[in-house]
Amino acid sequence: MDGTATERATPAVFRLQLSRRALLAGAAAVVVVVVTRLLWDRFLDPFEDGYQNWWIGSVLAQTGRYTDPFSGMTRGNWLPGYDFLVAGFVLALGSHIMPFLKGVNILFSLGTAAIVFGMARPRGRGVAVLAVALFALSPTDIVITSYATPEALTLFATFLGVLLMERPWLGRRRSWVLASVAFLVAATLRYEVWGFLLLYLGWKAASRQTRARDLALVAAPALAFAVGWWVWTSQYGFLPAIIVGQTSVDLRYKAAIGALPPVGDRIAAFFGFYFYYAPFAVLAMAWALRRETRSPFTLILFFFYAAEVVYTAANWGNPGPRYIQLTTPIVALYAAEALEAMRRWIRGRARWAGRRVEWVPGAAALLVSLALVGVVLNPIPPPGTLLQGMQRAGVFLSSRSLPAGKLLVSESPIAAYYAGFPASRIIGSYLIPDNATQAVQFLIQNAAYVVMVTVPYYRLRSLFPEQANGTDGNHLALLYDATGPEYALGAPRVLVFEVLP
């Protein structure tokens, strides 16, 4: 009986006959997702979080200790799920696997595209195909998926759980057990998932679409993890304060020197940038207000945009597309349905022009998407330009050996990665004493090399301001000035020192 129910519940996405057209469309989606993201992968990352994830995961694999030797992000700032995944890959494949980590994220993005199709299919095949196309060509997903960070897996796990809830094709019990596992995985990756699940499952409970017992089954593992994580991190302080304390460092520094722009300017600049590269978000919001007011996805969509505004206005941190990445599949779904509604409207009112006219909205949307992808994949200057000095510093050190019992002190995860040394023998400057005399003694006893990045509030520049100008002193001898033409664009200097006895 369960098999019959399962067969009846199996969604159309798993029962489609593989016609030549379906095969071509599927192959095209795979090519678009893979090629666009690989093209972005040719750039150096414009920020270092992916390399910091590699550092944490590698240390965990090599020592068994869950710690962040760069800046202490394992004390509640970041969730642990992705770091443990990276550690598993390091144990299986070796330490320096950044291309592999990025490739795996592309596979997760492919999986999310398939999930978007499954979610959209009940709304019509045209909506489903267009939703997949908009997701595959989404500039934000192309860029964010290409980092070795948790967002791609977060999208995949979160919306896999949603798909299993909305379309229980394995039968309700099995589907919801799997959904609970998917939500648990997602909850270990990004804090935004906690808000998403609270809204989504809360909506299900309030609307009585799902029995309370079933909702408890789905929510229990993720809730247990969240509670357990909150309790464990309490040894370091109040969890929200820990998170804000880290995300607001840059803002506090700019405010202290009088360089922090007004709140309105920061919000306007972010959303101007975001809607330029995600113009269909505007169409999705309009469709949500017009036709989807009874959907939890509408609440989630507007909640995340509002949360971005509050986060910025409260000076908790700089706004960023990664914080609202969970809206990307929703935007693709709603925008596709809006475009399909336009097609039907034109078909009913423009018979005199022929049926070809009805495809204008969808074709225009694809052309706009392709144009934006072209802009994203050919940026001037290239992403990562400001971090090239860190890469050069690491490559320089890779030609040297690390003496036994000695460490590399690096203020750059990118430099740490390219140096090629075991991650467990690299530490960040935050672990050295915050006193110049004590710091010198620490370096003499423990370190062979130092990579200084002259960001104003980094510890080495504060302790050794003369060495930040590239001069020898304090038992530090300059080996290599990795600073390049990016310095004229506002990048910090990157200096490699040898520690002298």
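In E3, the bridge partner of Val 409 is Val 450. The model is predicted: local features need pLDDT of at least 70, side-chain atom pairs count only at pLDDT 80 or more, and totals for chains, interfaces and linings use all residues. Residues are numbered from 1 along each chain as its sequence is written, and side-chain values use heavy atoms, with hydrogens and water left out. Helices (H or I, at least four residues) and strands (E, at least two) are DSSP runs, numbered from the N terminus.

Two strands pair if DSSP finds at least two bridges between them.

E1 and E2 run parallel and are joined by two bridges. Here Val 409 stands opposite Ile 427 of E2. E1 and E3 also run parallel, joined by four bridges. Leu 408 faces Tyr 449 of E3 in this pairing. E3 and E5 pair in the antiparallel sense, over five bridges. Val 451 stands opposite Val 496 of E5. E4 and strand E5 (residues 494–499) are antiparallel too, over five bridges. Leu 478 has Phe 497 of E5 as its bridge partner.

Contact means heavy atoms within 4.5 Å.

In H19, the residues Gly 389, Met 390, Ala 393, Gly 394 and Leu 397 are buried. Seen down the axis of H19, its buried residues fall within an arc of 140 degrees, so they line one face of the helix. The arc is that of the directions from the helix axis to the C-beta atoms. The cover over the buried residues of H19 includes E1, helix H20 (413–419), E3, E4 and E5.

The strands show burial as well. In a regular strand, side chains alternate between the two faces of the sheet. Both faces of E1 are covered: Leu 407 and Val 409 are buried on one side, Leu 408 and Ser 410 on the other. In E3, seven of the seven residues are buried, so E3 is largely enclosed by the rest of the structure.

Aromatic side chains were examined next. A pair of aromatic rings is described by the distance of the centres and the angle of the planes. Rings of Phe, Tyr and Trp (its six-membered ring) pair if their centres lie within 6.5 Å; planes under 30 degrees apart count as stacked, over 60 as edge-to-face and the rest as tilted. A search of the whole structure finds 33 aromatic pairs. The ring centres of Tyr 191 and Trp 194 are 5.1 Å apart and their planes lie at 75 degrees, so the pair is edge-to-face. Tyr 191 and Trp 194 are both buried. The ring centres of Trp 229 and Trp 232 are 5.3 Å apart and their planes lie at 25 degrees, so this pair is stacked. Both Trp 229 and Trp 232 lie in helix H11 (residues 212–233), three residues apart, about one turn of the helix. Trp 229 counts as buried, at 6% relative accessibility. Trp 232 counts as partly exposed, at 37%. One aromatic cluster is formed by Phe 159, Phe 183, Phe 196, Tyr 200 and Phe 297.

Helix H2 (residues 20–41) contains Val 32. Val 32 is partly exposed, with a relative accessible area of 28%. Val 32 and Leu 137 are 105 residues apart in sequence and 7.3 Å apart in space, C-alpha to C-alpha.

How values were computed. Buried < 20%, exposed > 50% of the residue type's maximum accessible area, 1.4 Å probe, protein only.
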